Amino acid sequence: MNDIIQTIAVYAIPVIFAITLHEAAHGYVARMFGDPTAYQAGRISLNPARHIDPIGTLLVPVVILLTSKLLGSPGMLFGWAKPVPVDFGRLRRPKKDMLWVALAGPAANLLMAILWVFSLRLFLETGMQESFWFEMAMAGVQVNLVLMALNLLPIPPLDGGRILFSLLPNRLAWQYSKIEPYGLVIVVVLLVTDVLWILMRPVLALGTTIVQWFL
């Protein structure tokens with residue numbers, strides 16, 4: 001039981017900030033490109049309480065951690081926050097600007113992973129590599145890289161799907177958008193069949209290479 005409580009304590013802060021700042025980044029960039037919807041809703045904030053979804057930000061990550069701990073196997077830790085409201089129609093160039101709004105979330109996760117790496121460097125230099133805080137920093141790097149890779153999958157409504165929609169010619173883009181109602185089902189199927197990890201591996205490898213530059 002102590003191991004489980006310690007695992008939850010190690011991952012709690014990295015998971016909450018990884019998920020909520022991801023969402024805040026979407027709202028911030030949307031405002032830059034002309035859509036103030038998230039700002040008007042008070043969602044461009046570093047306060048996690050404004051973004052936390054009780055199920056996606058708290059319950060689901062805890063259940064995954066507990067299950068993986070009890071089964072003795074690594075689980076893919078993921079979750080979600082309350083989606084930041086973005087009215088793409090209010091962007092100055094809706095289809096083109098959608099790319100930057102979508103990219104903001106994964107970019108925020110990469111930035112957070114780099115910041116956690118700086119923490120790792122500090123702990124290594126001060127001989128604290130056996131500490132609770134070192135483990136938390138390791139978890140911060142892992143969680144953010146996984147969320148970045150997951151969200152960059154080209155499956156709407158994930159950010160990668162929005163990015164691909166923005167890049168495709170108009171006719172293809174609208175055809176492609178028709179799979180969005182089934183996007184989350186596709187992700188779940190890929191998850192339970194272990195295909196999701198295979199698809200995420202190239203982005204995870206790239207993200208790992210980038211953060212290692214700062215170690």
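1. Start with residues 132-153. The end C-alpha atoms of this span lie 32 Å apart. The span is 91% helix and 0% strand. Keep in mind that this is a predicted model.

2. UniProt, in an unreviewed entry, places the feature "transmembrane region" at residues 132-153. The record gives the feature to residues 55-78, 99-120 and 181-200 as well. In the model, residues 99-120 are 100% helix and 0% strand. The end C-alpha atoms of residues 99-120 are 32 Å apart.

3. Aromatic contacts come next. The structure holds three aromatic pairs. One of them joins Phe 118 and Phe 214: the ring centres are 5.8 Å apart and the planes stand at 75°. Edge-to-face requires planes over 60 degrees apart, so the pair of Phe 118 and Phe 214 is edge-to-face.

4. What does this pair tie together? Phe 118 lies in helix H4, residues 94-125. Phe 214 lies in the segment after helix H9, which covers 195-212. The pair therefore ties together parts that are 96 residues apart in sequence. Phe 118 is partly exposed, at 38% relative accessibility. Phe 214 is also partly exposed, with a relative accessible area of 28%.

5. Phe 132 and Trp 133 form another of the aromatic pairs. Their ring centres are 5.1 Å apart, with the planes at 80°, so this pair is edge-to-face. Phe 132 has 29% relative accessibility and counts as partly exposed. Trp 133, at 46%, is partly exposed too.

6. Two charge-over-ring contacts deserve a look. The charged end of Arg 31 sits over the ring of Tyr 39, at 3.8 Å from the ring centre. Lys 95 lies over the face of Phe 165. There the distance to the ring centre is 5.9 Å. The cut-off for such a contact is 6 Å.

7. Is Asp 159 buried or exposed? Asp 159 is buried, yet has no salt bridge. This residue is found in helix H6, residues 159-167. Its nearest side chain of opposite charge is Arg 162, 6.1 Å away.

8. Which side chain does Asp 159 meet in a polar contact? The partner is His 22, and the contact is 2.9 Å.

Note on methods: Residues are numbered from 1 along each chain as its sequence is written. This is a predicted model: local features need pLDDT of at least 70, side-chain atom pairs count only at pLDDT 80 or more; totals for chains, interfaces and linings use all residues. Side-chain values use heavy atoms; hydrogens and water are left out. UniProt positions are given in the numbering used here, feature names are shortened, and annotations may be inferred rather than shown by experiment. Helices (H or I, at least four residues) and strands (E, at least two) are DSSP runs, numbered from the N terminus. Rings of Phe, Tyr and Trp (its six-membered ring) pair if their centres lie within 6.5 Å; planes under 30 degrees apart count as stacked, over 60 as edge-to-face and the rest as tilted. Buried means under 20% relative accessible area, exposed over 50%, partly exposed in between (1.4 Å probe, protein chains only). A charge sits over a ring if NZ of Lys or CZ of Arg is within 6 Å of the ring centre and within 35 degrees of the ring normal. Lys and Arg count as positive and Asp and Glu as negative; His and the chain ends are not counted. A salt bridge is a side-chain nitrogen of Lys or Arg within 4 Å of a carboxyl oxygen of Asp or Glu. A polar contact is a pair of N or O atoms within 3.5 Å; within protein, one must be able to donate a hydrogen and the other to accept it, and residues adjacent in sequence count only if both atoms are side-chain atoms.
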